[in-house]
Amino acid sequence: MSLEEPEPEDGAVEVLPTAGDEIAELLGDLVVDREEHVNAPGFVIRPDAVQETLTRLRDEAGFDHLSCVTAEEREDRYESIYHLTSFDDRQREVSVVVPAPKDDPVSESAEPVFRTADWHEREAYDLIGVEYDDHPDLRRILLPDTWQGHPLSENYDQDRPQIVTLSEWENPLAEDHREEEGDTMYVNIGPHHPATHGVLHVKTVLDGEQVADVDPDIGYLHRCEEQMCQTKTYRHQIMPYPDRWDYASSGLLNEWAYARAAEDLNDIDVPEYAQIIRTMGAEFCRIASHMLAVGTFALDVYGDFTAIFMYAMRDREKVQKVLEDLTGQRMMFNYFRLGGVVWDLPEPREEFFETIRDFLDDLPEALEEYHDLITSNEILQARTIDTGVLPPEVAKSYGATGPVARGSGIDYDLRRDDPYGYYDELEWDVITEDGCDNFSRLLVRLREVEESAKIIEQCVDLLEDWPEEERTIQSNVPRTLRPEDDTEIYRAVEAAKGELGIYIRADGTEKPGRFKIRSPCFSNLQTLPEMSAGEYIPDMVASLGSLDIVLGEVDR
Amino acid sequence: MSSERDKPFVTDDTQVQTATRDARMTGSGADNRFNSKLREAFGSSPFILTKFDQFMNWVRGSSMFMLQFGIACCSIEMMHTYSVKHDLDRFAAGVPRASPRQADVIIVPGTIVSKFAPRMKRVYDQMPEPKFVVGMGSCTISGGPFQEGYNVIKGAEEVIPVDIHVPGCPPRPEALIYGVAKLQQRIAEGESSPVTVKPYELEQFDDLERDEVVDKLAEQIDEEDLVMRYNWADSP
Ligand code: SF4
């Protein structure tokens, strides 16, 4: 929680309430009680005052980003926590805690204030069992409709049998057109379809060639990641799992999300040397991830295993080679440890640096090729410019982050706005594009690769000259970690797809009491209906590709 | 199937009756799903048939159409196996088909969860015979790192028969190529997997044994809908 004053905008000096007391004053008697979370002040409010509180915080205090909604069941109550922050100043944070009684867990929905709450609250209902009044469409989101019970609630019996149906889906708009001559057609895209990047099911209704209604149906890869983390110990057992959230090679970025939250929760310092290694590794992961995004996007637009896809894979192989040298694994790195990294750079170091420098030297030429093949190709431009338009206000309301937000001109990047690792010591820029369309998102990714390369280069320079006796890769961390009962933290990092946040509530044992993952893809995917309503169906597929979702992270 | 509910691992195959399984279990020795039409045409001239069988099996093994089927993390490594550097095409197995109706081999690359299993079964059923399955990664063997999850099927073999298991999390592309090569070898020799038990089949809802869960869902699910029933307590 920073106490800095936000920058004045447009010349007018505007001081937004940031400190706990100021916010408490703003909220007045809406506040029933106060809590202190590690990252932000928490305000307990009544379950029927959610909309009023959030509206006031958004309009009068500038908290315009509902980052995450965490629900959990406690001994005596249910709780929904709204983690708010601001796109202009990420370090201003506030948590709004909404308790609901055990026997009747109902609270007011935040959906009218922040569109992103729609899916977040459906997830809370699905997994925990909290119900939201005034929610437009409260049904299960991750688990099948016929599921019995709420698996992350306290008395869930994991052994009870379940039945899942394989039935035909219905056209939700069938009624609308009955008497007219025009008719709508219902198309299932997925869950097994090459254009959906995994096991996503997009329920699409077409009116002619145009998309009349689209509803992404997720949960085909819901692997119980949160349950897995809640049943593992902080020190070593959780770390392998983040690799598998966003598995498109963003392993280290995800590990960093967990490492950052757990380190802040346990007051662990990370040696500077390890931070540089982390930063370098993470940027390699970002390059690999963006390469895959670009390659598969070209696949979506051109529709075959074309040269671009192969080029992207070629460059990914190079990155994976470096990462394999560094971590010993091609994809599931498990390289970070709380308080550092598991081992030092591989010996001989010169050879390792040489490989990296070779890669960096070749990169500008490779990127040139991509620009020749993709961005300056008229066909691709015709397909992507001005399609899938996502205006910045809409993106904000849906909690879109990462390249999707930056492609809509939102200047928001956690590496700069809420610095961690070694980023604030290095020279690099946050990339934004104002086109708000599929093309801008593609361009942002390609240009971010350049920035990542810049960061890596500086890291290599630093690492090369690092004195041998100061190469500490881990700080001293106790064998078992038992954070104090009831400490709560929400921390995020800039993963390849956007803001990847982790909420942890400690319960005094060596395992988290509640572990919640805020996945950037989950929020980004929510914008799909907004982007593709009224567009042609191939443009919808292109928009889906430009969002660059990874289902492992959407469904967790 | 329903009488087996309390016995998860039935190996006595006289008791289990399922469509896919029946197709595989008829006949003995070399799998006679191969070449049945030719057998009819040639009648009983053993010499030509043996040679022809061998030839056909060699052809089959040397030209495999893979289903383009991505599930989870392993599918990223699968993509790498198909593309530059590893290039599965060198081993006559690199033509990914988007439609199951054109594919011979399905690589199952990832974790299968309750919502997806019926769909995967459907995709498998849509493939023409003879068809083969490569299970890629620990998840398709046992559920892998997510085995304890409330929503995770403990291995692909609970749903469809698997010919080759490639262990690893994820297996390296080299390992997958080795697995595919092994499969080709087996096909060329005319073998396919002995089918062990698949506890989870698609059934009509009104065929399920009535119990508490079924009664509860009776309002929600149409009698004729296909359903898959998971008995988690019996899972390994
Ligand atoms: S085996 Fe490992 S890499 Fe493969 S899908 Fe499962 S968790 Fe992912």
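How many residues of chain B are in contact with chain A? Here is a quick tour of that interface.

1. The count is 57 residues of chain B, touching 58 of chain A, where contact means heavy atoms within 4.5 Å. Keep in mind that this is a predicted model, with local features needing pLDDT of at least 70 and side-chain atom pairs pLDDT 80 or more, while totals for chains, interfaces and linings use all residues. Residues are numbered from 1 along each chain as its sequence is written, chains are lettered from A in the order in which they are written, and side-chain values use heavy atoms, leaving out hydrogens and water.

2. Together the two chains bury about 5100 Å², 65% of it on carbon and sulfur atoms; buried area is the accessible area (1.4 Å probe) lost on putting two parts together, summed over both. Look for Lys115(B), Arg119(B) and Tyr150(B): they supply 18% of what chain B buries against chain A, more than any other three residues.

3. Lys115(B) also forms a salt bridge with Asp217(A), the closest N and O atoms lying 3.2 Å apart. The interface has 5 salt bridges, by a rule that asks for a side-chain nitrogen of Lys or Arg within 4 Å of a carboxyl oxygen of Asp or Glu.

4. Now the strands, which are DSSP runs of at least two residues. Strand E8 of chain A (residues 162-166) pairs with E7(B) in the antiparallel sense over 5 bridges; pairing takes at least two bridges in DSSP. Within this pairing, Ile163(A) stands opposite Arg229(B).

Key:
Helix = DSSP H or I, 4+ residues; strand = E, 2+ residues; numbered from the N terminus.
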